[in-house]
Structure formats: C-alpha cells, structure tokens
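Subject: Structure for you to look at

Hello,

Here is the structure I said I would pass on. Please open it and keep it beside this email while you read.

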Amino acid sequence: MDTVTAPALPDPTGPDADLVALTRALCDIPSVSGSEKALADAIEALLRGLPHLDVVRDGDALVARTDLGRDRRVVVAGHIDTVPVADNLPTRLDGTGTDAVLWGRGTVDMLGGVAVALALAAELGAPGSAPAHDLTWIFYDHEEVDSALNGLGRLARNHPDLLRGDFAILGEPSNAGIEGGCNGTMRVEVRTRGVAAHSARAWTGENAIHAAAPVLARLAAYEPREVEVDGLVYREGLNAVRIEGGIAGNVIPDACTIEVNYRFAPSRTTQEAEAHLRQVFEGFDVVVTDAAGGARPGLDDPLAARFVRSVLDTTGGAPAPKYGWTDVARFAELGVPAVNFGPGDPLLAHKDDERLPVAQLAQCRDALRAWLLGG
C-alpha cells in the first residue's frame, strides 16, 4: 500500500473553481488500484474541511452526506483508482481556453468525473447553495480490478445505509452525455491438458498449447450479438485476454490456460452468461473466475427521466448504452436507478493516449449543478 503523503488538493469551492487544476492534482497523485491511500487521504482532508458534510471513511473509500431533511436523496459516485500508468503521468495540458486538452492517466477514467463531483460537493449544501435533494458523494477504491475487491461493494456490505438513495449518478466517462445501464462482464479460464515430455522427443508427450487451438478458432469465429434492451442497443464481446502455458524452452507443456472475457448485454443474467460460455467451449474445462451482472437502462424511472431531460437540454445528444461494466449495476442490485454521466470519451479509457477536452469538465459541472439545484 502506498504510504506517500499526498499534497493538498486545490480549493474547489465556488462556482468558478479551477476544475482543470483540480483534475490535474487528482491525476498526478498516482492511484493505481491497490495504491489509492495517498489520493484518498487528500480527498478526505478536503471533505472534512466542509462543515455541511458528514464524512465516513472505510478503507480507501469515502462517503460525504448532506442532512438537509429533503424528501429524496441523490447519490453521486466515482472511483479514484486507475489502471497502471504507461509513461503518461504527470499530466500535461495542450492548448488554451475551451480548446485545451488534458493528457494523462486518469483524465478520462475517471478522475475528471471525480473533480466535477468534488467541486459540487464543496458547493452544494453550503450556505446560499441549497440543493433540491439531499446529496451523498462517494469516492471509492479498487474499481479497476476483481469485483470482489470493489470499494463500493465493500461499502454496501459494511455500511449499506450510506448507499441509500432514490437515484444515483456514476461519473464514468460518457462524453458529457447520458449512458444508461451497462453490460455485464465475466472472466473464465478455458483449460487444456497434455503430457509433459522433452521437446527433442515430443512424440512421447501431448502438447497442451497445441490442444488450445480449437479454443482460439472458436473465439476467432465467434460473432457477438447486438441486443436491444429498453430502447438502447448493447454490443457484446467475447475475447481471449491472456494465455499461459509451458515451463521451459525444452519441455512439451502439459497445461495451458486461455483467459476469456465475455461482455454481455444486461438482458442476460450471470447464470445465463455462464451457460452460454459453457456451450461455446463445449468439450473443454471451463472455470469461472470473476463475474458481475449488468444493469438495464432504468431510464423510465421518473427521477432518472427528469435528469436525462435536464442534462441533455444542456449537453445535447440522446441517451446511449454503456458498453463497459460500471457500478450502476451495484446500485441496480440495491434497487436504486442509476446512470453514467461524466466528462471524457469512454473509447479513450485505459489507452496510453488517454486525454480529456477540458471544456467537458465545466459542461458536466454546470449541467449537474443546474439539475441538483432545480430538482
């Protein structure tokens, strides 16, 4: 765990807070999954300086809540971890004004969205800025790794009352538009077995890597579905993401493992997804290693529908599906309608050239602020 003391974050208070400086500061404190402590410490210090918020910390996850006696509560959540850095920190800013672009790990996924949330958390609920609903702000760890480690899931187990709400907004990148629901995700290992032998006498063994060829052929021939769910079309995907086998350069391998990731539409349960994969890889040993169900769009919920209308009146466009998995699925399991709304192009998430048009920061902040104030 990272024990480096993080610098103080820029003051996010006020309607004209410097969102670019805040985003850069968040990104430049490295927070690869498992090393979020320094960034969590910095966010905690900022939140505890805001008297209108009650703050709870669980591990490297933080929850800050208003208690204004409103009839409804809106949750705004975002993860603070990133995938590993690829020589793309510290951040750099190219251009000026509304044409400027901020480059670096985390700018898109999703510390730009965290910056928007922190700026609004500092403002809304303070004297002179009363939101229409009570607000819960959640900043959590371990989203980019196995679902069992997810900080939001840990909060749901340890403090389920803190996740209570009537509507939730995930600050995941959506190009400042609305992305409804999310695909489910499942990882399996497809395993083959062979017989070890000296490679100079290969005929005395059986090559487990060669035995994996039909698995790869099935993956190459696979045609993923496009599935309409509640008016949004979700694209599925089935791909090998890792292969392991062999122990030495002169030994016929007796074992091979192909790790496969399946992204499936939210119309399919995890049980149905597993059954489908066992059918695709019939005749092979299939072991499920990780799974998380998707979430239907939920845009027919009245509060969600009003949010969509309000935001799209400002940002334009139409609701779209979220192809990746996000924690809207966790809120859906809790019975809380949720959508994805944040700055950044999701197609740039996890890429080495991850970058964010800074104009989207203010665009998302202003659209979210207007709805939270007006209800």
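Predicted model: local features only at pLDDT ≥ 70, side-chain atom pairs only at ≥ 80, totals over all residues.

What is the order of the strands in the open sheet of three strands? The order is 4-5-19, and the pairing is antiparallel. Strand 4 (92-94) and strand 19 (355-357) stand at the edges with a single partner strand each, so one side of each has no neighbour in the sheet. On average, neighbouring strands of this sheet are turned by 20° against each other, direction ignored. Between strand 4 and strand 5 (residues 101-103), which run antiparallel, there are three bridges.

Next, the strands around strand 2.

Strand 1 (residues 54-58) runs antiparallel to strand 2, and five bridges join them. Together they form a hairpin with two residues between the strands. In that turn, Gly 59 has a positive phi of about 60°. Within this pair, Asp 54 stands opposite Arg 65 of strand 2.

Strand 2 (residues 61-65) is mostly covered, with five of its five residues buried. Which residues lie on each side of strand 2? Ala 61, Val 63 and Arg 65 are on one side, and Leu 62 and Ala 64 are on the other. Both faces are covered, as these residues are all buried.

Strand 2 also pairs with strand 6 (residues 134-140), in the antiparallel sense and over four bridges. Two places to check are Ala 64, which stands opposite Trp 137 in strand 6, and Val 63, which stands opposite Ile 138 in strand 6.

Strand 6 is mostly covered as well: seven of its seven residues are buried. Asp 134, Thr 136, Ile 138 and Tyr 140 point one way from the strand, while Leu 135, Trp 137 and Phe 139 point the other way. Strand 6 has a parallel pairing with strand 3 (residues 73-79), over seven bridges. Here Ala 77 is opposite Ile 138. How do helix 3 and helix 9 cross? The axes of helix 3 (residues 107-123) and helix 9 (residues 359-374) come within 10 Å and cross at roughly 40°. That angle makes helix 3 oblique to helix 9. The crossing is right-handed. On helix 3, the contact is made by Gly 112, Val 116, Leu 120 and Glu 123. On helix 9, Leu 361, Cys 364, Arg 365, Leu 368 and Arg 369 take part. Sorted by class, the contact has five nonpolar, one polar and three charged residues.

Asn 207 sits in the loop between strand 10 (197-198) and helix 5 (213-221). Leaving aside residues up to four places away in sequence, Asn 207 touches Ile 252 and Pro 253. The C-alpha atoms of Asn 207 and Ile 247 are separated by 12 Å, and these two residues are 40 apart along the chain.

Regards

Notes. Residues numbered from 1 in each chain as written. Heavy atoms only, no water. Axes fitted to C-alpha atoms, helices over the stretch in contact; angles between N-to-C directions. Parallel < 35°, antiparallel > 145°, perpendicular 65-115°, else oblique. Left-handed = near helix turned anticlockwise from the far one by under 90°. Contact = heavy atoms within 4.5 Å. Nonpolar A, V, L, I, M, F, W, Y, C, P; charged D, E, K, R; others polar. Buried < 20%, exposed > 50% of the residue type's maximum accessible area, 1.4 Å probe, protein only. Pairing = 2+ DSSP bridges.
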